[in-house]
Amino acid sequence: MKPKAVNMLERYDLEVLRTWKVRGAVLCETGKGLFIFKEFGGSTEKLVLQDAFLTFLKKQGFLQAEELYRNKEGELLTKDADGCGYIVKTYAEGRECGAGSGRDALADGCSAMHVLAKLHRAGRDFKGQNGVPAGKELPMLQEFEKRNRELKKVRRFLKEKGQKSDFEHFLQKNYDLFLEQALSVSEKLRTEKMEGGNLLLCHGDFQHHNVLFCEGGVRLMNFEKCVWDDASKDIYHFSRKMLEKSNWMPDTGEALLDAYEKEAELTPESGRQLYYRFRYPEKFWKIVNYYYNRGKAFIPDKNREKLEMLLDQEERRYAFIRNVIGERFSVRKG
C-alpha cells in the first residue's frame, strides 16, 4: 500500500483516532469502532455483488460477516489520483483460527465449519442483481480444466529446458503421476455430466486467515473472492489445509464434516463434488504454479520439501478420500 494512501480516509465520514499497519492493510480505530482500510484490485461489479451479499446476510440475521463502508459520496470504491482503488470495511479484534494438528486447532476448525454452514444457509436464497448464473457447465470442471492446461504447459517447458536444477529433475520425475490424476478427474466429471445446478455465492477464500475468534464470537472476513459455486468449494478449501497438517487423519476430516452437517446437511450432489475436489491434486498444481510464475534463477529448497511431503502423504490422502469422503457420500469409484 502506498505510504500516503491513508490520507484517503479523509473521504470517509469517520473520526479516525489512530491507525496502524497490518498485513496488506491499515487498521483504523474510529469513533464508530474498528475499520480496516485496504487496496482493492477487483472489478466494480464484483464489489457491488459483495456488498449486496453482505447486506443480504445481515437482513437474514447472519451478523458474523464484515460490512463494507461507503465514502462520503456514497461509493464503495475510493480511487486516488493514479486510479488505484481502496475500500473500507468493518473489523473486529480477535485471533485467527488455528490451523495446526492439535486439539485446540481442531476445535477452532469445527467452530469455523459450523459458522460456514450457517453462512451457506443464510445465503441460500440470495440472488445477484442479474440472478443466479444460468450456465450449466460445472464451475469446478472449468477451474480444473484451466489448471490442467497450465500443468501441460509447464510439463512442456520442463521437457524442453536444457540445464535443470535438482528440484526441476525431481519435479519432472514425479510430474506424470499427478498430471494423470488431474486429467482423470476432469474426464470423470465430463463423463458423469455433472451440472452446477445448486449454485450459491460462496465465500471463495474460506481459510483460517479469514476466520477470527473475537470476544463476541466468530467473525468472517475478506469476501472479495466470493464466487458462484457449490457449497463444497468452501468446505474443501478450509478442510484441506487442516487435513494436510494432521497427515490426513480420518478423525479430523470426520469431525470437520460433522460440524458442518450439524447445521446444514450436504446434498448427495455436493458430497460428490467434494469427493472430486479432494481427488484433484491441487497441492501439486500449487507447487507447479509457484515454481513457474516466479524467478527460476534461484529455486528455494522449500519447493522440494513441499513436493516430498506431498509424495509422503499421497497414500494417506487417497485412503482418506476413499474411506471417509467416498463412504460418507456413497462414491464408490472414480
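I am calling a residue buried when its relative accessible area is under 20%. The model I have open is a predicted one, so I keep that in mind throughout.

**Entry 1: helix α5**

I started with α5, which covers residues 232-245 and has 14 residues. From its first C-alpha to its last it reaches 20 Å, close to the 20 Å expected at 1.5 Å a residue. I also looked for a bend and found one of about 25 degrees at S239.

Which residues of α5 are buried? My list reads S232, K233, D234, I235, Y236, F238, S239, R240, M242, L243 and E244. S239, where the helix bends, is on that list. With 11 of the 14 residues buried, α5 is largely enclosed by the rest of the structure.

**Entry 2: α5 against α8**

Next I turned to helix α8, residues 282-292. Two packed helices are described by the angle between their axes and the distance between the axes. For α5 and α8 I noted an angle of about 90 degrees and axes 12 Å apart. That makes α5 roughly perpendicular to α8, as 65 to 115 degrees counts as such.

Which residues meet here? From α5 I wrote down Y236, R240 and E244, and from α8 E282, K283 and K286. By class, the contact has one nonpolar, no polar and five charged residues. An α-helix has 3.6 residues a turn, so residues three or four places apart point the same way.

**Entry 3: after the helix**

Following α5 I came to N247, whose phi is positive, near 60 degrees. Most residues other than glycine have a negative phi, and most peptide bonds are trans. N247 sits in the loop between α5 and α6, the latter being 250-261. Is N247 buried, exposed or partly exposed? At 29% relative accessibility, N247 counts as partly exposed.

I found another positive phi at N222, also near 60 degrees and in a residue other than glycine. N222 lies in the loop between β10 (217-220) and β11 (227-229).

**Entry 4: T252**

My last stop was T252, in helix α6. T252 has 10% relative accessibility and so counts as buried. What does T252 touch, leaving out residues up to four places away in sequence? I noted L106, M242, L243 and S246.

Note on methods. Residues are numbered from 1 along each chain as its sequence is written. This is a predicted model: local features need pLDDT of at least 70, side-chain atom pairs count only at pLDDT 80 or more; totals for chains, interfaces and linings use all residues. Side-chain values use heavy atoms; hydrogens and water are left out. Helices (H or I, at least four residues) and strands (E, at least two) are DSSP runs, numbered from the N terminus. The expected span of a helix is 1.5 Å times one less than its number of residues. The bend at a residue is the angle between axes fitted to the seven residues ending there and the seven starting there. Buried means under 20% relative accessible area, exposed over 50%, partly exposed in between (1.4 Å probe, protein chains only). Axes are lines fitted to C-alpha atoms, for helices over the stretch in contact, and angles run from 0 to 180 degrees between N-to-C directions. Angles under 35 degrees count as roughly parallel, over 145 as roughly antiparallel, 65 to 115 as roughly perpendicular and the rest as oblique. Contact means heavy atoms within 4.5 Å. Ala, Val, Leu, Ile, Met, Phe, Trp, Tyr, Cys and Pro count as nonpolar, Asp, Glu, Lys and Arg as charged, and the others, Gly among them, as polar.
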